[in-house]
Amino acid sequence: MTDTARARKLADRIRVVVAETLQRRIKDPRLGYVTITDTRITGDLREATVFYTVFGDDEERAASAAALESAKGVLRSEVGRQTGVRFTPTLTFVPDALPDNARTIDDLLAKAKAADEQVREASSGAEYAGDADPYRKPGEDGDGAADADADVEDNTDGKGSPDA
């Protein structure tokens with residue numbers, strides 16, 4: 001079993017190495033505005049998953065994915081050279097779903113805000129169905145005997161005998 005701190009450090013280092021190598025050495029014209037968002041590595045340090053996002057439309061995302069797949073060997077060699085581990089992990093590139101999730105959350109928040117605005121507009125001219133404050137307050141009613149009887153607990157089971 002490997003140390004999780006070591007795996008975390010190696011994953012962070014792989015993320016930095018891949019990002020720098022993409023920026024400096026990979027000159028593929030298909031590669032768009034790629035951002036390396038996260039890297040995760042298995043416990044045996046043999047396989048690394050690199051999460052990325054691409055700024056652009058679906059066509060640019062597909063082209064960037066193809067460019068990353070074709071540059072996988074160069075990136076793995078650079079990771080092995082700069083990390084110095086015994087076994088260089090294989091790299092798997094996975095598009096990060098974070099922007100899509102954020103867009104979905106933004107859409108849901110916009111819908112909730114619109115629904116709240118509709119409720120606010122509908123309630124702006126509304127009046128209470130009864131009194132503004134429907135609760136009785138002591139001393140307002142004037143019938144103190146009825147209030148005193150309501151406060152006494154009934155300790156019988158319905159047949160007149162006390163509960164056990």
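Thr53 is buried, with a relative accessible area of 16%. The cut-off for that label is under 20%, so Thr53 falls on the buried side of the limit. The model in which this residue sits is a predicted one. Thr53 belongs to strand E2. Apart from neighbours within four places in sequence, the contacts of Thr53 are Tyr33, Val34, Thr35, Thr37, Asp96 and Pro99.

Of the 164 residues, 20% count as buried. When contacts between residues at least 6 apart in sequence are taken, 58% of them join residues at least 24 apart. The accessible surface of the chain is about 12,300 Å², and carbon and sulfur atoms account for 51% of that area.

Thr53 also takes part in a pocket. The lining of the largest pocket consists of Tyr52, Thr53, Val54, Arg61, Ala65, Pro95, Asp96, Ala97, Pro99, Asp100 and Arg103. Two or more of these residues come from each of strand E2 (47–55), helix H2 (58–70) and helix H4 (98–124). Sorted by class, the lining has six nonpolar, one polar and four charged residues. The space in this pocket is about 190 Å³. Asp96 and Pro99, which are among the lining residues, are also among the contacts of Thr53.

Arg61 pairs with Asp58, and their closest N and O atoms are 2.8 Å apart. Both residues lie in helix H2, three residues apart, which is about one turn of the helix. Asp58 is exposed at 59% relative accessibility, while Arg61 is partly exposed at 33%.

Six salt bridges are found in the whole structure. One of them joins Arg25 to Glu78, with 2.5 Å between the closest N and O atoms. Arg25 lies in the loop between helix H1 (4–24) and strand E1 (33–41), and Glu78 lies in helix H3 (residues 72–83), so this pair ties together parts that are 53 residues apart in sequence. Glu78 counts as buried, with 6% relative accessibility. Arg25 and Glu78 are linked with Arg81 in a network of salt bridges.

A further salt bridge is formed by Arg40 and Asp38, whose closest N and O atoms are 3.3 Å apart. Asp38 has a relative accessible area of 25% and is therefore partly exposed.

Notes. Residues are numbered from 1 along each chain as its sequence is written. This is a predicted model: local features need pLDDT of at least 70, side-chain atom pairs count only at pLDDT 80 or more; totals for chains, interfaces and linings use all residues. Side-chain values use heavy atoms; hydrogens and water are left out. Buried means under 20% relative accessible area, exposed over 50%, partly exposed in between (1.4 Å probe, protein chains only). Contact means heavy atoms within 4.5 Å. Accessible areas come from the Shrake-Rupley method with a 1.4 Å probe; for residues, only the protein chains shown count as cover. On a 1 Å grid over the protein atoms alone, a cavity is a set of points where a 1.4 Å probe fits but cannot get out, and a pocket is an open set with protein on both sides within 12 Å along at least five of seven lines; lining residues have an atom within 4 Å of a point. Grid points are joined across faces, edges and corners, and a volume is the space filled by probe spheres set on the points. Helices (H or I, at least four residues) and strands (E, at least two) are DSSP runs, numbered from the N terminus. Ala, Val, Leu, Ile, Met, Phe, Trp, Tyr, Cys and Pro count as nonpolar, Asp, Glu, Lys and Arg as charged, and the others, Gly among them, as polar. A salt bridge is a side-chain nitrogen of Lys or Arg within 4 Å of a carboxyl oxygen of Asp or Glu.
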